[in-house]
Every structure is written in C-alpha cells, then in structure tokens.
Amino acid sequence: MSDIAYHIAISNKVEFEDLDFDTARKHGITDQEIETLKYFADIESQTVYYFLEVAKLQVVRDPELLTFLTMWNYEEYFHSYALTRFMEECGVPVESATDRSTKVRAGARFKAKFEDFAQGLIAKSAPKSFIGLWMFWGALQECLTTQAYEELANQTKNPVLQELCRRIAKQERRHFAYYWSASKRRLEGRPNTQKFVRFIANQFYAPVGGGVKTDEEGARLVAKLFPQERIFEVMSYIEKKMALLPGMAGLDCCTGWAAKIQPILPEETRARSMGERRDAQKKGADRAAA
Ligand SMILES: [Fe+2]
Ligand SMILES: [Fe+2]
C-alpha cells in the first residue's frame, strides 16, 4: 500500500465523545496542565492557517500532497476541539476552538506574517527546495508534538487526560511518519535542497508556535513540560531521527536551541549541570537508535 493510501485508509477524527468526563472531573486538572493544554489547543488551532498559506502556492498543487494536507488539517482541528472540550468538561472557562483560533491568529505576531511572506517567496523561486523544506519542517515539529503529548500522558494523574493525550499522540506519530518519509523522498539525490534545508534548520529551528507566542513564552512552556535536562534528551531524540535523512548527518539544531534558551528559563526548569545535560543527550540518542 502506498503511503498516501495508508493514510486515507486510517485517517479519522480523534475519538473523544466516549471519554468518561465524570471521572475526568473527579480527578481534576492542575493549573500547570491547564496552561499546557491551552498552549497545545492554540497551536493545534493554527494548523488551518498554515494549511491556507501553503495550499495557495502553485507548487503545492500536487494531488497526493493536497490529500495529505486535507487529512492533516482535519485531524489537527479536532485535536484542538477535543482539548477544548476536555477543559470545558473539567470546569475550565475556555472559548470555543474556532473563537480561540481566530483571536490567536488576529494577534499573530509580525514574525508569523513575515514567515508567510518568506514562504511564498521561496516557493516561487525554488519550488523543489521549498517542498523539501516544508516536509522536513513538518517532520521536525510533528516529532516534538508526539513527544509532548506522550510526556503529558505520563505526567498527569488524570486517567482521562492520559487517554486523550495517548490517542492524539498516536495521530501525531502518523503525521511524523508521513512527513519524514516524504522529506526523505524529496531530499534524496538533491544536495542543494539538503544544504538549503540544513541551513534553515540550523538558523531558525524553534518549536512550533513561534509565530503566535513570543519566543520566550514558547521556550518557557516547552521547558516546563520537559524540565531541567529532560529537554536535552527529547531534543536529542528528535534531531537523531532527523539526522537519518539524506544530508542531515550530525544535525544538532534541536539541542542547540535547548542550549540557547537556558539563560531565559526560570531557575527550576534550567538544566542542572553540563554532565547531566550530556547524559540526557546520550539517553535521547540511544532511544532514537533503538
Ligand atoms: Fe495535533
Ligand atoms: Fe500533527
């Protein structure tokens, strides 16, 4: 079965109607979890705007790619919807997914708008490299998203939130797999695209959501979810997976980012020592190789 046929066969909206919300309410959610869920819901809700920006480019008018993007956008929309519903059921006052996404976008920072513009420019001048970059970037971000939902599932004491995060993580893993193999196809035998993608990753890597949150807000949230040296383990895991792609050997943009944000983090989330940091990186690399 081709990659796209596989996705068509199993694409669906994440199940949440069957969750036991009485149990969810009984266990409740912590302030930290509310903050994380709101951040996740905001980012998920922005997918439609990424979709709209990229879908209007001539270079994306490839039937297979449009098919995938349509399913991807649909699934991400329901991630935001399900998280919002979960918070509502737990008595957290929160706007609807659509209202939130419209507001977040209206407040999108100059950076997000500039990215849209730069994206259009690259797509016109170097369409093949652009698609390679889009796929690579998608894989990078989906890999982090998978890790983030799994982390929340492991951390929370609320069994219903745990289940919801696991279900979403399963779809995120599938998104990652698609983007990863699509970028492999588009990088293979194209040294210029490889160099270009590597350059952009090294210069601009930051976790998804950079355009809608300030860099500092985004960094602090990611570091709260992966505190101290744990962030180095996760970032090392991600970059090692990406380093298996053509022309990406030795990639270190993710751990580089984790190192760069250390000074702006509150003391309690900062990595404890260089030794701990190195051990964590090794652990991440071993996990990626397993
Ligand atoms: Fe998602
Ligand atoms: Fe995703």
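Domain bounds come from an automatic or database domain assignment. For this protein, the assignment gives domain 1 (3–206) and domain 2 (214–290). The model is predicted.

**Overall build**

The protein has 14 helices and zero strands. The C-alpha atoms fill a box of roughly 55 × 45 × 40 Å, taken along the principal axes.

How does the radius of gyration fit a compact globule, and what value does the protein have? A compact globule of 290 residues would have a radius of gyration near 19 Å. The protein has 19 Å, so the two agree.

Of the 290 residues, 43% are buried. Now take the contacts between residues at least 6 apart in sequence. Of these, 80% join residues at least 24 apart.

**Helix H8**

Helix H8 covers residues 127–155. With 29 residues at 1.5 Å a residue, H8 should span 42 Å. The end C-alpha atoms of H8 are 42 Å apart, which agrees. H8 is also mostly covered: 21 of its 29 residues are buried.

The centres of domain 1 and domain 2 are separated by 20 Å, taken over C-alpha atoms. In the contact between them, 23 residues of domain 1 meet 18 residues of domain 2. Which helices supply at least two residues each to the side of domain 1 that touches domain 2?

| Helix on the domain 1 side | Residues |
|---|---|
| H3 | 31–45 |
| H9 | 159–187 |
| H10 | 191–204 |

H8 gives the largest share of this side, with eight residues. By type, the side of domain 1 that touches domain 2 has twelve nonpolar, six polar and five charged residues.

**The nonpolar core**

The largest nonpolar core has 71 residues. Phe86, Ala139, Leu164, Ile231 and Ile238 have the most contacts inside this core. H8 again gives the largest share, here 13 residues.

Isoleucine 238 gives a close view of the packing. Leaving out residues up to four places away in sequence, isoleucine 238 touches Leu140, Cys143, Leu144 and Cys254.

**Two loop residues**

Glycine 28 lies in the loop between helix H2 (21–27) and H3. Glycine 28 has 13 other C-beta atoms within 10 Å, so this residue is partly exposed. Beyond residues up to four places away in sequence, glycine 28 touches Cys90 and Asn158. Valine 160 is 132 residues from glycine 28 in sequence. In space, the two are 9.8 Å apart, C-alpha to C-alpha.

Glutamine 228 sits in another part of the chain, in the loop between helix H11 (215–225) and helix H12 (230–242). Is glutamine 228 buried, exposed or partly exposed? With 18 other C-beta atoms within 10 Å, glutamine 228 is partly exposed. A residue needs 20 or more to count as buried.

The backbone is worth a look here too. Most residues other than glycine have a negative phi. Phi of glutamine 228 is near 50°, a positive value in a residue other than glycine.

Technical notes:
Residues are numbered from 1 along each chain as its sequence is written. Chains are lettered from A and ligands numbered from 1 in the order in which they are written. This is a predicted model: local features need pLDDT of at least 70, side-chain atom pairs count only at pLDDT 80 or more; totals for chains, interfaces and linings use all residues. Helices (H or I, at least four residues) and strands (E, at least two) are DSSP runs, numbered from the N terminus. The radius of gyration is taken over C-alpha atoms; the globule rule is 2.2 Å times the number of residues to the power 0.38. A residue is buried if 20 or more other C-beta atoms lie within 10 Å of its own, exposed if 12 or fewer, and partly exposed in between; C-beta atoms are placed from the backbone. Two residues are in contact if their C-beta atoms, placed from the backbone, lie within 7 Å. The expected span of a helix is 1.5 Å times one less than its number of residues. Ala, Val, Leu, Ile, Met, Phe, Trp, Tyr, Cys and Pro count as nonpolar, Asp, Glu, Lys and Arg as charged, and the others, Gly among them, as polar. A nonpolar core is a set of buried Ala, Val, Leu, Ile, Met, Phe, Trp, Tyr and Cys residues joined through C-beta atoms within 7 Å.
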